[in-house]
Amino acid sequence: MTSHQSRLPDPAKLVPELAEVGAALFKVTGNGSIPRTTISLVQLRAGQIVGNTYLTVLHTGNLRKAGETDERVTAVASWQDATCFTEAERIALALVEAVLTSNPHGERVPDELYARASAHYDDKALATLTMAIGQVGFFISLALIGKPLAGVSPAEQWR
């Protein structure tokens, strides 16, 4: 049975500092060193990897509002063989996948992937990309545990 409310009450009301943290993370990732589109692609892929509808709907909507094509938005799920992404975007998607997917055969972010990322992003951009992956990681637990409702405004979504 599908619930018509989240599991948790509004976390921003329970922990008011959340608004500051969220704003700070948004400011960090919006420093201009990485295109906001790349960040949204990474965050959409993260939502797909963890299987969370709220995050996938949220980041799909953000990409569409930013003018992204349906082809690019839908191709995120199968980015490895999609031809519509730049090499830098592909590296960003590979990084989020490496961070969020367990690797039974070695480290999650091998030196080869880091070297490829370093070839496309300077130190500030790579640090920002790392923070963008951390930003969505910060909210993954809230999305999985609190189960906010996909497509419902933040004001209406929490019980």
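Q: Where does Asp-70 sit, and why is it called partly exposed?
A: Asp-70 belongs to helix α5, which covers residues 70-75. Do keep in mind that this is a predicted model. The relative accessible area of Asp-70 is 49%, and partly exposed is the class between under 20% (buried) and over 50% (exposed). Asp-70 therefore counts as partly exposed.

Q: What makes Asp-81 exposed?
A: Its relative accessible area is 65%, and the exposed class begins over 50%, so Asp-81 is exposed. You will find Asp-81 in the loop that links α5 and α6. From Asp-81 to Arg-159 is 41 Å, C-alpha to C-alpha, for a sequence separation of 78 residues.

Q: Why does Arg-45 count as buried?
A: Arg-45 has a relative accessibility of 13%, and buried means under 20%; Arg-45 is therefore buried. This residue is part of helix α3. Setting aside neighbours within four places in sequence, Arg-45 contacts Val-76, Ala-77, Trp-79, Leu-93, Val-96 and Glu-97.

Q: How do you know that α3 and α6 meet, and which residues do it?
A: Contact asks for heavy atoms within 4.5 Å. On the α3 side the residues are Thr-37, Thr-38, Leu-41, Val-42, Arg-45, Ala-46 and Ile-49, and they meet Glu-89, Ala-92, Leu-93, Val-96, Glu-97 and Leu-100 of α6. Sorted by class, this contact holds eight nonpolar, two polar and three charged residues.

Q: What describes the packing of α3 and α6?
A: Two packed helices are described by the angle between their axes and by the distance between those axes. For α3 (residues 36-49) and α6 (residues 87-100), the axes come within 9 Å and cross at roughly 35°. The crossing of α3 and α6 is right-handed.

Q: At what angle do α6 and α7 pack, and is their crossing left-handed or right-handed?
A: α6 and α7 (residues 111-120) pack at about 145°, their axes being 10 Å apart. Their crossing is left-handed. From α6 the contact takes Glu-87, Ala-88, Ile-91, Ala-94, Leu-95 and Ala-98, and from α7 it takes Leu-113, Arg-116, Ala-117 and His-120. In that contact, seven residues are nonpolar, one is polar and two are charged.

Q: What makes the phi of Lys-147 worth a remark?
A: Most residues other than glycine have a negative phi. The phi of Lys-147 is near 50°, a positive value in a residue that is not glycine. Lys-147 lies in the loop between α8 (123-146) and α9 (154-157).

Q: Why is Lys-147 called partly exposed, and what about Val-152?
A: The relative accessibility of Lys-147 is 43%, while Val-152 has a relative accessible area of 26%. The limits of the class are 20% and 50%, so Lys-147 is partly exposed, and Val-152 is partly exposed too. Val-152 is found in the loop between α8 and α9. The C-alpha atoms of Val-152 and His-4 are 10.0 Å apart, although 148 residues separate them along the chain.

Q: Which residues does Phe-26 touch?
A: Not counting residues up to four places away in sequence, Phe-26 touches Arg-36 and Gln-135. Phe-26 is in helix α2 (residues 17-29). Its C-alpha atom is 8.5 Å from that of Ala-132, which is 106 residues away along the chain.

Q: How do you know that the radius of gyration agrees with a compact globule?
A: A compact globule of 159 residues would have a radius of gyration near 15 Å, and the protein chain has 16 Å, so the two agree. The C-alpha trace spans about 45 × 35 × 30 Å along its principal axes. Of the 159 residues, 39% count as buried.

Q: How many helices and strands make up the protein chain?
A: There are nine helices and zero strands. Among contacts with a separation of 6 or more, 66% join residues 24 or more positions apart.

Key:
Residues are numbered from 1 along each chain as its sequence is written. This is a predicted model: local features need pLDDT of at least 70, side-chain atom pairs count only at pLDDT 80 or more; totals for chains, interfaces and linings use all residues. Side-chain values use heavy atoms; hydrogens and water are left out. Axes are lines fitted to C-alpha atoms, for helices over the stretch in contact, and angles run from 0 to 180 degrees between N-to-C directions. Helices (H or I, at least four residues) and strands (E, at least two) are DSSP runs, numbered from the N terminus. A crossing is left-handed if the near helix is turned anticlockwise from the far one by less than a right angle, and right-handed if clockwise. Ala, Val, Leu, Ile, Met, Phe, Trp, Tyr, Cys and Pro count as nonpolar, Asp, Glu, Lys and Arg as charged, and the others, Gly among them, as polar. The radius of gyration is taken over C-alpha atoms; the globule rule is 2.2 Å times the number of residues to the power 0.38. Buried means under 20% relative accessible area, exposed over 50%, partly exposed in between (1.4 Å probe, protein chains only).
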